[in-house]
Amino acid sequence: MYVPEHFNAPSTDAMLDLIRQHPLGILFINGSSGLDANHIPFELAAEQQALGTLQAHVARNNPVWTEVRNGDEVLVVFRGEESYISPNWYPSKQEHHMQVPSWNYKVVHVHGRITVRDDERYVRGLVARLTGTHEASEPKQWKMTDAPAEYIASMMQAIVGIEIEITRLTGKFKLSQNKDAEDVRSAAATLIERGRGALGESMRRITLDQKD
């Protein structure tokens, strides 16, 4: 991924936070049938390795887990908030007209080594952790024990666990850092007004370190 210095993710923690907030990743592998991509919700276990591990499960019928060998290098892409940016949102455009359309976004590329975990104990623990994470904000949280034991057992047999040891992180946070602070604040305000608050706030925060 091409990352100009001014669009570099500010820190490892910022990249890991993006993964936690936007856990649906795209897993890319180069298997015997060529390139393949799968959209999978991941759990980030940051304490297990230097950069952490990604944990997930896939359907047993999904050939992705048979197309890789333990230790194969894979790529997982996580995308945060994004939006089109109109030149008209920059006040400087009205002065000199030297602005063009662009697209702002936050993405993280995770490089790592994959391991297939085809054992029920691992899969059960993973499903419990994923459920706990994503049910946390629900007023009444669903638990595995809400379903009949036989049903859960059959579902566990239908999925396979995968684990990716993270070896490298690359992040691109393109937030108009190459623009004047006044232009960034104006574009951020427009995004917030139009319901793109997360991206607008991310842009607004970078102006705290910019000089007008």
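Helix H4 (149–157) provides the largest share of the lining of the second largest pocket in this predicted model, with four residues. Helix H3 (120–135) joins H4 in supplying at least two residues each to that lining. The second largest pocket has a volume of about 190 Å³, and readers who wish to find it in the structure can look for His-57, Val-127, Leu-130, Thr-131, Trp-142, Met-144, Tyr-151, Ile-152, Met-155, Met-156 and Ile-159, which line it. By residue class, this lining comprises nine nonpolar and two polar residues, with no charged ones.

The largest pocket has a volume of about 350 Å³. Its lining is made up of 17 residues, of which Pro-10, Lys-106, Phe-173, Leu-175 and Arg-205 are the closest to the pocket centre.

Turning to the strands, S5 (residues 73–85) pairs with S1 (residues 24–31) in an antiparallel arrangement through three bridges. Within this pairing, Leu-75 of S5 is found opposite Phe-28. S5 is also antiparallel to S6 (residues 102–117), and eleven bridges connect the two. On the S6 side, Val-108 is the bridge partner of Phe-78.

Notes:
Residues are numbered from 1 along each chain as its sequence is written. This is a predicted model: local features need pLDDT of at least 70, side-chain atom pairs count only at pLDDT 80 or more; totals for chains, interfaces and linings use all residues. Side-chain values use heavy atoms; hydrogens and water are left out. Two strands pair if DSSP finds at least two bridges between them. On a 1 Å grid over the protein atoms alone, a cavity is a set of points where a 1.4 Å probe fits but cannot get out, and a pocket is an open set with protein on both sides within 12 Å along at least five of seven lines; lining residues have an atom within 4 Å of a point. Grid points are joined across faces, edges and corners, and a volume is the space filled by probe spheres set on the points. Ala, Val, Leu, Ile, Met, Phe, Trp, Tyr, Cys and Pro count as nonpolar, Asp, Glu, Lys and Arg as charged, and the others, Gly among them, as polar.
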